[in-house]
Amino acid sequence: MSELTHLTISQARAKLRGKEISAAEITEAYLSAIERANPVLNAYIVVTGDKARDMAKASDAKLAKGEGGALEGIPLGIKDLFGTEGVHTQACSHVLDGFKPRYESTVTANLWADGAVMLGKLNMDEFAMGSSNETSYYGPVVNPWRRSRLDTVVMPTTHQGDGGFVSAGGTKTARILDNAQLVPGGSSGGSASAVSAFLCAGATATDTGGSIRQPAAFTGTVGIKPTYGRCSRWGIVAFASSLDQAGPIARDVRDAAILLKSMASVDAKDTTSVDRPVPDYEAAIGKPIKGMKVGIPREYRVDGMPEEIEALWQKGIAWLKDAGAEIVDISLPHTKYALPAYYIVAPAEASSNLARYDGVRYGLRVPAKDIVDMYEKTRAAGFGREVKRRIMIGTYVLSAGYYDAYYLQAQKVRNLIKRDFETVFAAGVDVILTPATPSAAFGIADEDMAADPVKMYLNDIFTVTVNMAGLPGIAVPAGLDAKGLPLGLQLIGRPFDEETLFQTAAVIEQAAGTFQPEKWW
Amino acid sequence: MSVDLQTVKRVARLARIAVSEEDAERMTGELNTILGFVEQLNEVDVSGVEPMTSVTPMEMKKREDIVTDGNKAADIVANAPATEENFFLVPKVVE
């Protein structure tokens, strides 16, 4: 059964179409993998087994008639931020207690229309606010990757029956796994962990400041945040509306391309959905990058960045150069202001979006003597610490007397950040290569980060610029650090040029290979 | 700029979040850390720069002013904590 869960989406697609395997079989394989692993990894908060079996049965009927869609019979995990009709949808917050929408988000509706099977809802940081998946009401997600060290191990002498030796003993060098539990990154930590641990073939995710790309980098998976306006935001719980975008997390570049093709659409229900046909992203994979101009922004070399990240970046540059790309040094001078500007814009939008959780129309209600008291008590009990912190910041920066100093200033800086990118793209740069994160995955309950919220925010230092400018960005695994943890590189493209990202990421993947955690769970 | 305990309590009131004395004190420290971090934006010269209103240069799509949806009262109140005959129930607002 486990081989079925190790198939990529493109492999499973071929076997399903060729009737070598059935949707029912692959779905069962995933459901039993989830049953075994989830008590340890906590990637799923709800498993929709019955629904998955029904959907798989319908897929098998379609496949039998040769009428299967682009994702027919492919089992996927869905981040809890996506509204799924009749199924638990809480953005992993207590304030949405018991909420089951009467509608389906456009992105998930697109996936079901293409034949995908829903395995369940995935854990995430509450309202997508976090970089470690530790702010979830349902507890932290565990990264299937663990640190390891090379050590000499003594091989015991073992023998079988009548003196037939299996091992003659001696010593060998092996990687010893550390027991410390690591975060999968966030906010799409459940998505990244589930994809990496073979608990779904692929997953939906969302990215407001790095929430697809950072967890992908922490788990050795591929994650793409498309251009703002490429995927409809309709039916997705809103965090910061001018930054939020949905995208997939997948095991390889091709799978990410397949998933994005189905997720993206033009949607009249989202006024920011851009009226452009969705291209065949898969067709971009394998195209040569000879002559492509790759920009290397000097501002992404930050203080305190581990040597290994710099080395990985250099390796990425070398791979693309070897493939015939032209490497050019570029400058994006306002890079360092992206994160502070984000921590004004995103909380401001969040404070407005989250005003709707008032205990009246859905979710949690804490009874109280009058209506204001009810609002205040409901919101105090329903929101976690990080969410409250951001609502407070947002409310403060939008409050009378501070709007110009904070919000307006941040939106002006945001225009400068966007202009930096426009300038380099106008100069002929096709794609920008940067590290995806300033470090590898860190430990659950890291004391430094718990003590200082800004330390946690710094995780998004390389990814947040892309959201501020509305550009597409992909994180692709590029190697392991000395402790055996995956590290990723990021490619940033022109608006709506996701094809170049897939094309270039595939070259990195070809050179670096793909990475799987050693199974301990 | 930094916030004091009174400001934090006022902002919590504006945000409709009940905070204990202890919460407010902790938040004061956290908020000041974040506000200290965003302070660096003041060093950016933004003269002549317009504030961003949209990341993609596009005209807002407008729908025709016609009824396309409705008659879903039961769906709309389905998730409410307290309802009566398709109305949301709340504590008494007017005496």
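What share of the contacts in chain A with a separation of 6 or more comes from residues 24 or more positions apart? The share is 77%, where contact means heavy atoms within 4.5 Å.

This is a predicted model, in which local features need pLDDT of at least 70, side-chain atom pairs count only at pLDDT 80 or more, and totals for chains, interfaces and linings use all residues. Residues are numbered from 1 along each chain as its sequence is written, chains are lettered from A and ligands numbered from 1 in the order in which they are written, and side-chain values use heavy atoms, without hydrogens and water.

**Figure 1. Chain A as a whole.** The C-alpha atoms fill a box of roughly 85 × 55 × 50 Å along the principal axes. Of the 521 residues, 64% are buried (under 20% relative accessible area, 1.4 Å probe, protein chains only).

**Figure 2. Lys79 in its strand.** A:Lys79 lies in strand 2 of chain A, residues 75–79 (strands are DSSP runs of E, at least two residues, numbered from the N terminus).

**Figure 3. A buried lysine and its charge.** A:Lys79 is buried and has no salt bridge (a side-chain nitrogen of Lys or Arg within 4 Å of a carboxyl oxygen of Asp or Glu). The nearest side chain of opposite charge belongs to A:Asp125, 7.6 Å away; Lys and Arg count as positive, Asp and Glu as negative, and His and the chain ends are not counted.

**Figure 4. Neighbours of Lys79.** Leaving out residues up to four places away in sequence, A:Lys79 touches several residues, among them A:Leu122, A:Met124, A:Ser191 and A:Thr206.

Terms used
Helices (H or I, at least four residues) and strands (E, at least two) are DSSP runs, numbered from the N terminus. Buried means under 20% relative accessible area, exposed over 50%, partly exposed in between (1.4 Å probe, protein chains only).
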